[in-house]
Structures are given as C-alpha cells and as structure tokens.
Amino acid sequence: MLATRQPLLRKFWYPVIPVLLLKNGPKPFTLLGRDLVLWLDGEGAPVAMDDRCPHRHARLSKGWVDKGQLMCGYHGWTFDGGGRCTRIPQRGDDDPTSIGVPRYRTALRCGYVWVALEEPVAELPAFEEDGDPAFRRIYEFYEPWKCGGLRLMENSFDNAHFSFVHRNTFGKFDQPEPSRMNLHPFENGFGFTMDTVVPVKNVPLSVKALNISTAETVRNNTGIWWMPFCRKLRMRYPTGLVHTIVTAATPINDHSSQIIQIAYRNDTEADAKAADIIAFDRAVVTEDREVLESTTFDTPIDLRRREEMHMASDAPGLLMRRQLLAKFKEHGEEEIHGWTEGLSAPMPTQFGVNHPSANEALCLEMTYTGSAAPASPVPAAGTS
C-alpha cells in the first residue's frame with residue numbers, strides 16, 4: 001500500500017506536531033506527501049495550511065506570525081487563520097482578499113496538533129487516561145522513522161516477536177511460543193481491541209521504570225487499533241500499576257513516518273521518574289525500530305497477492321489489512337502498490353519538522369512543565 005496514493009487516508013486525523021513547538025513561530029510538516037505550515041493564530045488556535053506563498057511559492061514556514069497572522073518572509077504577504085490574504089505591502093490599497101492558501105482541519109489533543117486533509121470519516125481517537133487525575137502524562141518520542149505506518153501498527157499487536165526482537169529488554173528468548181489473544185473488531189470496521197496476557201522478564205531498566213523488583217512479572221494487556229495508524233496499549237501489572245502507551249505513525253510519505261508516543265501512568269514521580277520510564281520504553285522502541293526500518297515500506301494489504309507468508313499469531317495484522325481493504329472498496333478504491341525488489345527508499349531531507357526533533361529534552365520539557373496545551377473538544381473548522 002502506497003499511503004500517499006490512497007485517497008481515503010486523507011480522510012483521517014493525524015497528530016503532527018507538539019503545540020509547544022509552535023509557540024515561537026510557524027513550523028513545516030510533511031503529511032502524506034503534502035507540505036504544510038503549522039502556526040498559532042491570535043487566539044492561540046492551531047492553523048494548518050499549504051506551505052507555499054501564492055506569490056512566488058516561497059515556504060510560508062520561513063516567515064513569522066505578526067499580530068496573529070502569518071507573514072511570508074519573502075515579500076511580506078500576510079494571511080489570516082482562514083488562509084485568506086489580508087495584506088500585500090507592495091499593492092497599497094488594492095483588495096487582496098481574492099487571494100488565499102488552502103487550509104486544513106485542525107484539532108488539539110494530548111498536547112499535539114492533529115490535522116485532517118479532507119472531511120474525516122472517523123472521529124479522533126479518545127484516550128480515557130488523558131485528563132483522568134489518577135494518571136500522569138509522559139511525552140516519550142517525537143521522531144521520524146524510515147518505516148511505513150502499517151508496519152509499526154501490526155508490529156504493536158504481534159506477540160510472536162517479543163522473544164527475539166526484545167530478548168534484551170523484556171522478551172523471554174527460551175519461551176518463543178506467543179501468548180494467545182482475543183480480537184474484538186469494532187462494529188464500524190475502523191479498528192479492533194485485543195486482549196492478551198504476556199509473561200515478561202524484568203531487567204534493571206524495567207525494574208526502575210516499573211518499580212517492580214522481581215526477575216519476572218506478567219502484563220495483562222488490552223490493545224486498541226484505530227485505523228489507520230494509531231494504537232493504545234494498556235498494560236496492567238500484578239502490583240496495580242497501569243502503564244498505557246499511545247503510539248501514532250503519522251505518514252510523512254510512502255516510506256517514512258513521524259513516530260509519536262505518549263505514556264500514561266497511575267503512579268507518581270516519587271514511584272518512578274519520568275526519565276527512567278522514557279529510558280526503558282526508548283530501549284524497547286529502539287529494538288523495534290532496527291527491525292522495522294529493514295522491512296519493505298509498501299505493506300501488502302490485499303492478501304490475494306500472496307506477497308508474504310503468514311502464521312496464526314499474525315491474526316491482528318491480517319485483520320488490519322482486511323479492514324483497510326474493505327474501507328477502500330467502500331469508497332471505490334483498490335489498494336495502490338508499487339514496491340518491487342531492489343527499490344530503494346532514501347531518507348528524505350525534509351521530515352515532519354525542520355529542526356532536531358528526536359530528543360528527550362523536548363519530551364521532558366512537555367512532561368514536567370505542563371506547557372502542552374489541554375485537549376480541544378471541538379476541532380477547528382477548515383477546508384481542504
């Protein structure tokens with residue numbers, strides 16, 4: 001599946017950037033191959049527009065916000081939050097309002113700006129832990145991977161890789177048989193839940209992160225997949241600890257995704273430091289990344305093509321593929337694919353945001369200062 005060529009994928013919400021990063025000016029982000037500029041208007045509401053000035057196609061993300069409006073850094077053309085041009089300095093009293101830049105729907109949730117390029121066919125995912133006073137929110141990762149979003153999603157529900165990929169963190173190498181799972185598809189066909197019980201080993205990094213001293217423990221897991229590239233994993237431990245992670249693989253282009261992960265915990269900083277929690281989850285995710293970036297990005301979803309072989313524990317990933325293909329067909333689409341052996345996928349020079357983004361400093365600042373904005377229940381209006 002080539003994500004940028006499936007029109008239906010434009011009709012979902014994707015988290016694209018921490019709102020904190022917009023407080024010092026506009027930022028670029030590439031979503032499904034479309035270059036966007038993200039910024040905050042005079043009311044502090046997020047705006048997403050095409051990152052091209054209609055005058056000479058300079059990137060608007062090279063400009064700045066002036067009195068709640070976005071000014072192009074090339075000739076000073078200025079645009080309001082609706083994408084309408086409000087001022088052309090060189091044209092005196094001429095009316096610039098017939099000039100505009102395409103603007104897209106935005107919403108705030110969990111400290112991130114979410115964007116939908118077209119009228120969404122599904123609501124934003126809702127995370128019950130977010131806003132619950134029993135849970136703290138820990139921002140973990142915000143970084144680009146050379147990996148298709150569906151690869152990460154099916155990996156998140158794959159019990160069979162623990163003993164191998166995660167043999168140095170929590171996987172039990174001498175017990176490779178995967179735990180059984182129970183799948184429950186959504187009635188609307190836009191995802192599913194999965195229940196499973198997973199025995200895990202407890203290494204020094206996880207001892208600090210979980211505040212559990214035994215050599216082994218058990219996770220009672222409930223996973224949720226929201227089509228196309230968002231999941232939640234709620235892990236319950238025998239001590240009463242609940243560790244929930246929300247992960248999104250926002251599609252930059254066909255072969256790259258911006259990986260966003262947030263953790264929710266029902267303990268306190270005194271029980272386990274946020275930095276230690278991030279360190280353990282970072283070790284686990286790094287193991288996944290090394291393998292996933294070696295996979296082909298064009299994940300085949302039409303099983304009739306028989307491009308891959310499967311086993312019983314692949315059931316969650318196969319369900320994802322069937323549900324995606326069914327939704328494509330409901331909207332008059334077929335799977336568009338084009339990967340061939342030997343096709344290279346070089347890392348793009350322009351990722352989600354044009355600044356150093358893969359660092360814990362940003363996540364820790366968001367976690368400890370509470371500087372991320374609260375959730376916005378009503379998405380901002382927009383046009384595509």
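Here, "buried" means a residue has under 20% relative accessible area. By that rule, Tyr112 and Tyr142 are both buried. Keep in mind that this is a predicted model.

**The tyrosine cluster**
- There are seven aromatic pairs in the count.
- One of them joins Tyr112 and Tyr139, a tilted pair with 6.2 Å centre to centre and 45° between the planes.
- Tyr112 sits in strand β10 (residues 112-116) and Tyr139 in strand β11, so this pair ties together parts 27 residues apart in sequence.
- Tyr112 also pairs with Tyr142: the ring centres are 5.9 Å apart and the planes are at 50°, so this pair is tilted.
- Tyr142 lies in strand β11, so its pairing with Tyr112 in β10 ties together parts 30 residues apart in sequence.
- Tyr139 counts as buried because its relative accessible area is 1%.
- Put together, ring pairs link Tyr112, Tyr139 and Tyr142 into a cluster.

**Arg136 in strand β11**
- Arg136 is in β11, which covers residues 136-145.
- At 15% relative accessibility, Arg136 counts as buried.
- Its side chain reaches the backbone oxygen of Thr268 at 3.0 Å.
- Arg136 also touches other residues, including Tyr264, Asp267, Glu269 and Ile277.

**Helix α5**
- Lys327 lies over the face of Phe190, at 4.0 Å from the ring centre.
- After α5 comes Gly332, with a positive phi near 75°.

Methods: Residues numbered from 1 in each chain as written. Predicted model: local features only at pLDDT ≥ 70, side-chain atom pairs only at ≥ 80, totals over all residues. Heavy atoms only, no water. Helix = DSSP H or I, 4+ residues; strand = E, 2+ residues; numbered from the N terminus. Buried < 20%, exposed > 50% of the residue type's maximum accessible area, 1.4 Å probe, protein only. Polar contact = N/O pair within 3.5 Å; in protein donor to acceptor, adjacent residues only side chain to side chain. Contact = heavy atoms within 4.5 Å. Phe/Tyr/Trp six-rings, centres within 6.5 Å; stacked < 30°, edge-to-face > 60°. Lys NZ or Arg CZ within 6 Å of the ring centre and 35° of its normal. Lists of a residue's contacts leave out its neighbours within four places in sequence.
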